[in-house]
Amino acid sequence: MNAWRVSKPGPIDGGPLSFERMTAPQPGAGELLVRVLACGVCRTDLHVAEGDLAVHRPDVVPGHEVVGEVVALGADSGEEFAVGDRVGIAWLRHTCGRCRFCLRGDENLCPESRYTGWDADGGYAELAVVPAAFALPLPHGYDDAELAPLLCAGIIGYRALQRAALPAGGRLGIYGFGGSAHLAAQVALARGAEVHVMTRDEPSQRLALALGAASAQGAADPPPVPLDSAILFAPVGDLVPPAMAALDRGGVLSIAGIHLSDVPVLNYQRHLFQEREIRSVTANTRRDARDFLDFAGTHRLEVTVHPYELAHADRALRDLSHGRFAGAAVLVPS
């Protein structure tokens with residue numbers, strides 16, 4: 001099969017990925033083999049390719065927003081999925097199930113957690129395998145390309161929104177407006193929130209307003225009203241101080257990314273006093289994923305996608321890095 005590998009992590013413009021022929025994977029015990037129908041291009045893939053995230057598996061195939069058709073079942077793969085089913089493969093692919101975090105329902109914090117496209121080969125390929133226990137049923141009403149961004153951008157945005165503790169009818173600020181943010185904004189709007197978007201480029205500002213945001217302005221600009229909660233999607237630590245300054249008393253800033261550049265020094269009185277909080281987001285649980293996909297099945301989300309053939313995955317990552325599109329890039333079979 002054809003697949004992309006991270007052969008030499010480094011700046012995306014330097015060509016850290018290589019497109020190769022490789023042996024097709026086979027499903028082991030408890031696994032499904034899927035034919036990849038679409039794979040979202042996530043900023044985390046960019047962090048893996050550029051080495052911002054330390055190498056876990058040399059020459060890994062990236063990609064963890066995978067929509068696939070089951071083509072074979074490994075032994076003991078359970079009864080939830082059958083050959084021909086459409087399933088999702090997301091970032092989280094293994095937890096131990098016995099540590100104190102798993103036992104209390106916080107499997108995203110499991111010390112033995114493993115991830116698609118970082119610890120195991122992912123979806124920048126024609127075929128992929130996934131543990132059946134971590135495969136996800138998909139909602140109806142979306143095509144393959146629209147479903148792909150839901151599997152990380154959507155799920156992580158959903159968890160980030162939960163972590164932001166937005167009160168009912170509250171004012172939410174969103175910093176950065178890419179694949180994840182434009183989905184989280186729609187969830188918040190569907191719940192009755194007032195959404196204000198801070199992002200650097202005008203196409204993303206226009207998309208935010210078209211989706212129903214109350215305002216859209218520059219990335220570090222103050223919103224027109226104090227915020228009850230905020231989510232930082234852009235991996236830019238310099239945006240933490242203006243986001244904290246924009247919060248009303250008791251406000252919460254949720255940081256959605258797996259990687260963030262250094263945060264400048266905060267001023268206690270201006271940024272933290274009056275019980276303002278900063279919370280990080282670490283992956284997601286399977287319950288988060290299923291809850292969000294159930295929500296997407298009952299609330300039709302507008303998913304802005306930009307398709308690229310699988311053979312052009314390197315260009316998709318470069319375009320993501322340089323902010324050349326609004327919404328989410330998705331790889332489709334060449």
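Predicted model: local features only at pLDDT ≥ 70, side-chain atom pairs only at ≥ 80, totals over all residues.

**Salt bridges**

I looked up the salt bridges and got a count of 16. I then went through three of them.

R86 pairs with D144, with the closest N and O atoms 2.8 Å apart. R86 sits in strand β5 and D144 in helix α3, so this pair ties together parts that are 58 residues apart in sequence. R86 is partly exposed at 31%. D144 is partly exposed too, at 24%.

D291 forms a salt bridge with R287, at 3.3 Å between the closest N and O atoms. Both belong to helix α8, four residues apart, which is about one helical turn. I read 29% relative accessibility for D291, so D291 counts as partly exposed. R287, at 53%, counts as exposed.

D314 and R318 meet at 3.7 Å, N to O. They are also four residues apart, in helix α9. I noted D314 as partly exposed at 23% and R318 as partly exposed at 25%.

**Largest pocket**

I looked up the volume of the largest pocket: about 970 Å³. Its lining has 46 residues, and R43, G178, F233, A234 and P235 lie nearest the centre. I sorted the lining into 27 nonpolar, 15 polar and four charged residues. Helix α3 gives the largest share, four residues. Among the other elements that supply at least two are α9 and β17.

Where does the largest pocket lie? Domain 1 (2–142 + 303–332) and domain 2 (155–280) both give residues to its lining, so it lies between them.

Terms used:
Residues numbered from 1 in each chain as written. Heavy atoms only, no water. 1 Å grid on protein atoms, 1.4 Å probe; cavity = no way out; pocket = protein on both sides within 12 Å on 5 of 7 lines; lining within 4 Å. Points joined across faces, edges and corners; volume = space filled by probe spheres on them. Nonpolar A, V, L, I, M, F, W, Y, C, P; charged D, E, K, R; others polar. Domains from an automatic or database assignment. Salt bridge = Lys/Arg side-chain N within 4 Å of Asp/Glu carboxyl O. Buried < 20%, exposed > 50% of the residue type's maximum accessible area, 1.4 Å probe, protein only.
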